[in-house]
Amino acid sequence: PVAGLYDVVEVVPKEGEGVAFEGSGIVVDCPQQKNLCVRAARLMQERFGVGGIGIKLDKRVPFGAGLGGGSADAAFALKMLNELCALGLTEDQLAGYAARLGSDCAFFIYNRPMIGEGRGEVLTEYPVDLEGLDLQVLTPEGISVSTKDAYGGIRPHLPEIPLREALSRPVEEWDGILVNDFEETVFVKYPELAAIKRSLYDSGAVYASMSGSGSALFALYRK
């Protein structure tokens, strides 16, 4: 993982019933019952009669960054419960349960490049060759973008060049044709993010973009 940008999730069986949750690192500012890891565990308990579960989450991926930290935690909790409880679920079956937790949770079950359609839960594997490239991820301090607000301001439209065609082109051609629609409104509210994106190109990036609904940005550089 990019240095420091990862969460640590531990799932263990425990005596009794229910879910015991313990958090550390960045404070998860929501009621325990709404935590995605807890919801993942309860989903497996309701569906398969799984017994008591203990979950420890060391949170390091910041909130409001568009990096999918919470969704990834939930997806891997499901994967761990599948192994721990010997449920024998396939990736596709796990993805179906993950989609009940959040539109982007299913992606992290597969954890490889996919094209997302529908709400983001309809996934098709798509190979992306990033050989010879370095990735940098920036999480601007003090800027947290509300996912709800970001989606409320977006006006989706079909791109002139379809996504699959854009991705098939050399990375140097992605700028201008592989567009994150969230940037249009998020950059208006947070102009410093637009400035950071420009600085990434100024520093030699062959492609730069906001990650998801922001506020994190990433850049690809030729080695």
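The coordinates belong to a predicted model. Now extend the selection to strand 1 (residues 8-13) and strand 3, which run antiparallel and are joined by six bridges.

Strand 2, helix 1 and strand 3 together make a β-α-β unit; which hand does it have? The unit is left-handed.

**Salt bridges**

The structure holds ten salt bridges. Several of them may be visited in turn.

Select glutamate 125 and arginine 112. They form a salt bridge in which the closest N and O atoms are 3.1 Å apart. Glutamate 125 belongs to strand 5 (residues 122-125), while arginine 112 lies in the loop between helix 4 (105-110) and strand 4 (114-117); the pair therefore ties together parts that are 13 residues apart in sequence. Arginine 112 has a relative accessibility of 28% and counts as partly exposed.

Move to arginine 164 and glutamate 117, whose side chains meet in a salt bridge with an N to O distance of 3.6 Å. Here distant parts of the chain are linked, since arginine 164 is in helix 6 (residues 163-168) and glutamate 117 is in strand 4, 47 residues apart. Arginine 164 is partly exposed, with a relative accessible area of 36%. Glutamate 117, at 37% relative accessibility, also counts as partly exposed.

Then select arginine 169 together with glutamate 165. Their side chains meet in a salt bridge at 3.0 Å, N to O. Arginine 169 counts as partly exposed at 29% relative accessibility, and glutamate 165 is partly exposed with a relative accessible area of 36%.

To finish this part, display Asp7, Lys59 and Asp73, which are linked in a network of salt bridges.

**Helix 7**

Select helix 7 (residues 182-189) and show its side chains. Which of its residues are buried? Phe182, Glu183, Val186 and Phe187 are buried. Viewed along the axis, these residues cover an arc of only 105 degrees, which puts them on the same side of helix 7.

**The loop between strand 7 and strand 8**

Select serine 211, placed in the loop between strand 7 (207-210) and strand 8 (217-222). Is serine 211 buried or exposed? At 14% relative accessibility, under the 20% limit, serine 211 counts as buried. A polar atom of its side chain lies 2.7 Å from the backbone oxygen of glycine 66. Leaving aside residues up to four places away in sequence, serine 211 touches Ala65, Gly66, Leu67, Asn180, Ala216, Leu217 and Phe218.

Serine 215 is in the loop between strand 7 and strand 8 as well. Select it with glycine 214 and inspect the peptide bond from glycine 214 to serine 215, which is cis, with omega near 20 degrees.

**Backbone angles**

Most residues other than glycine have a negative phi, and most peptide bonds are trans. Two further stops concern phi.

Select alanine 86, in the loop between helix 2 (69-84) and helix 3 (91-101). Although it is not a glycine, alanine 86 has a positive phi of about 50 degrees. Alanine 86 is exposed, with a relative accessible area of 65%.

End at asparagine 111, in the loop between helix 4 and strand 4. Asparagine 111 is not a glycine, yet its phi is positive, at about 55 degrees. With 47% relative accessibility, asparagine 111 counts as partly exposed.

Methods:
Residues numbered from 1 in each chain as written. Predicted model: local features only at pLDDT ≥ 70, side-chain atom pairs only at ≥ 80, totals over all residues. Heavy atoms only, no water. Pairing = 2+ DSSP bridges. Helix = DSSP H or I, 4+ residues; strand = E, 2+ residues; numbered from the N terminus. Right-handed = clockwise from strand over helix to strand, strands pointing away. Buried < 20%, exposed > 50% of the residue type's maximum accessible area, 1.4 Å probe, protein only. Polar contact = N/O pair within 3.5 Å; in protein donor to acceptor, adjacent residues only side chain to side chain. Contact = heavy atoms within 4.5 Å. Salt bridge = Lys/Arg side-chain N within 4 Å of Asp/Glu carboxyl O. Arc of directions from axis to C-beta.
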